[in-house]
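Please open the structure in your viewer and keep the sequence panel at hand.

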Amino acid sequence: MNPVLNLSAADWLQLFEHFASLSLLAVGGAITTAPDMHRYLVSQLGWLSDSQFTSSIALAQAAPGPNILFVALMGWNVGLNASQGAAWWMQGALALTGVCVAMLGIMLPSSILTYMATRWAHQHRDMLAIRAFKSGMAPIVIALLMATGWLLTVSHDQPARDWPLYLLTLLTTLVVWRSRIHMLWLIGLGALLGGLGWV
Amino acid sequence: MSAPEAPNQPQSKTDLFVSFSILALQGFGGVLAVVQRELVEKKKWLTREQFIEDWAVAQIMPGPNVVNLALMIGGRYFGLAGALAGVAGILAAPMVVVLLLALAFGGVSDSAWAQGALRGMGAVSAGLIAAVGLKLISALKSNPMGMPVCIALAAASFGGVGLLRLPLAWVLLAAGSAGCLWAYVQLARQVTRKEQP
């Protein structure tokens, strides 16, 4: 069952503040702060049900676009929970309020900081320290990309069952590395194989 | 010695918005792999070297990486308005799609075939991201630290994050400061060599 809420303006402000406080901690993607969102929204306040929380993340990952949109879906669900039984336009309005509050909260602080910092760095791009930073970080960035691919793969940790999945990842890596095939074909193939239960 | 400039650049704020929208709508399971292909290989707004540099910054700053990248590229060419156009481009269209999906299939994402499809797509997107890493290795040839040092740093970072599962912040701090210091020493040597031929 989804919770039925009656939210005041102060509650919306509290929701904004929570996402805003997580915004600057979200180094390496907002998904790293998901456990804290769960603690707050599901366990502490009860504004979202457990299944609303999980399906927000799952849906945002399945849909195109940045995964940060799971935050928009959480706001959407809070808005729906706050307007149960109301007219459809009222539900829509509150759900969209939830989307705006959650997205502005998670995006504003980090975006302002990034904008200011990168502008400063671009204006001083010939400084030795800045050039050293960029050169020094380059191999680490490349390693982190490969580590991300690796971690996503080994998060499926039962080789006897998951080996077709490993094979699919390996084949994708080789094909994309060596050819110019459009990625959507590969994603579609993955969805098909997965949906049929073959991987 | 400055890095070669990219062959192309965004023509207008509309170009930024539309390009990032198209790119974001292709990004199933994360946008990173598409970003590299669209911005570096197709549009040529960035060279491989510039992409790595920008990606390093986008990753270190808080906030979603691809949104940070759109913000940086937009801001570089068209200031604050460009940054907003880039961010709006990468978020607006996918947000509409994801909300429509939520309206249509609120509960479907729990079903067995949807979970299976997600599993398959996840495996493909893991491969896409790893392939981007492989493609970018060639950009290290022009790195002032030299290839052997680059490989050692990359191997240490991969081992730390991928095998030992250390927190990302630790690895960035340890490997990052070692890399930046060594790059600083090498760049400073290049400068002195140029001044005293």
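## First stop: a glutamine in chain B

Please begin by selecting B:Gln186, which is partly exposed because 18 other C-beta atoms lie within 10 Å, whereas a buried residue would need 20 or more. The residue belongs to helix α7 of chain B. When neighbours within four places in sequence are left aside, the contacts of B:Gln186 are B:Pro144 and B:Met145. B:Val124 and B:Gln186 are 62 residues apart along the chain, and their C-alpha atoms are separated by 39 Å.

## Confidence in the model

Before going further, please note that this is a predicted model. Colour chain B by pLDDT: the mean is 88, and 93% of the residues of chain B reach 70 or more. Which elements of chain B have the lowest and the highest mean pLDDT? The lowest, 86, belongs to helix α5 (residues 112–136) of chain B, and the highest, 95, to helix α1 (residues 13–25) of chain B. For the complex, the predictor gives an ipTM of 0.83 and a pTM of 0.83.

## Chain B as a whole

Seven helices and zero strands make up its secondary structure, in the order α-α-α-α-α-α-α along the sequence. The C-alpha trace of chain B spans about 70 × 45 × 25 Å along its principal axes. Of its 197 residues, 53% count as buried. Among the contacts in chain B with a separation of 6 or more, 59% are between residues 24 or more positions apart.

Colour residues 1–139 and 143–197 separately, for these are domain 1 and domain 2 of chain B in the domain assignment. The C-alpha centres of the two domains of chain B lie 26 Å apart.

## Two loops in chain B

Next, select B:Lys44 in the loop between α2 (32–42) and α3 (48–60) of chain B. Most residues other than glycine have a negative phi. B:Lys44 is not a glycine, yet its phi is positive, at about 55°. Is B:Lys44 exposed, partly exposed or buried? B:Lys44 is partly exposed, with 13 other C-beta atoms within 10 Å.

Move on to B:Arg165, in the loop between α6 (147–163) and α7 (168–195) of chain B. B:Arg165 also has a positive phi, of about 60°, although it is not a glycine. B:Arg165 counts as exposed, because it has 9 C-beta neighbours inside 10 Å, and 12 or fewer is the limit for an exposed residue.

## Chain A as a whole

The secondary structure of chain A comprises eight helices and zero strands. Why can chain A be called more spread out than a compact globule? The radius of gyration of chain A is 21 Å, well over the 16 Å that the globule rule gives for 199 residues, so chain A is more spread out than a compact globule. Its C-alpha atoms fill a box of roughly 55 × 55 × 30 Å along the principal axes. Of the 199 residues of chain A, 47% count as buried.

Select residues 9–118 and then 127–195, which are domain 1 and domain 2 of chain A. Their C-alpha centres lie 27 Å apart.

## Where the chains meet

In all, 79 residues of chain A are in contact with 86 residues of chain B. On the chain A side, the elements that give two or more residues are α3 (50–62), α4 (69–81), α5 (88–123), α6 (128–154), α7 (159–178) and α8 (183–195) of chain A. Which element gives the largest share of this side? That element is α6(A), with 25 residues. By residue type, the side of chain A that touches chain B has 51 nonpolar, 25 polar and three charged residues.

## Last stop: the nonpolar core

To finish, select A:Val71, A:Ala72, A:Leu73, A:Ala102 and A:Val141, the residues with the most contacts inside the largest nonpolar core, which has 124 residues. Helix α4 (residues 65–104) of chain B gives the most to this core, 17 residues. Then centre the view on A:Ala102. Not counting residues up to four places away in sequence, A:Ala102 touches A:Leu15, A:Phe19, A:Val71, A:Ala72, A:Met74 and A:Gly75.

Key: Residues numbered from 1 in each chain as written. Chains lettered and ligands numbered in written order. Predicted model: local features only at pLDDT ≥ 70, side-chain atom pairs only at ≥ 80, totals over all residues. pLDDT = per-residue confidence, 0-100. Helix = DSSP H or I, 4+ residues; strand = E, 2+ residues; numbered from the N terminus. Rg over C-alpha atoms; globule rule 2.2 N^0.38 Å. Contact = placed C-beta atoms within 7 Å. Nonpolar A, V, L, I, M, F, W, Y, C, P; charged D, E, K, R; others polar. Domains from an automatic or database assignment. Core = buried A, V, L, I, M, F, W, Y, C linked by C-beta atoms within 7 Å.
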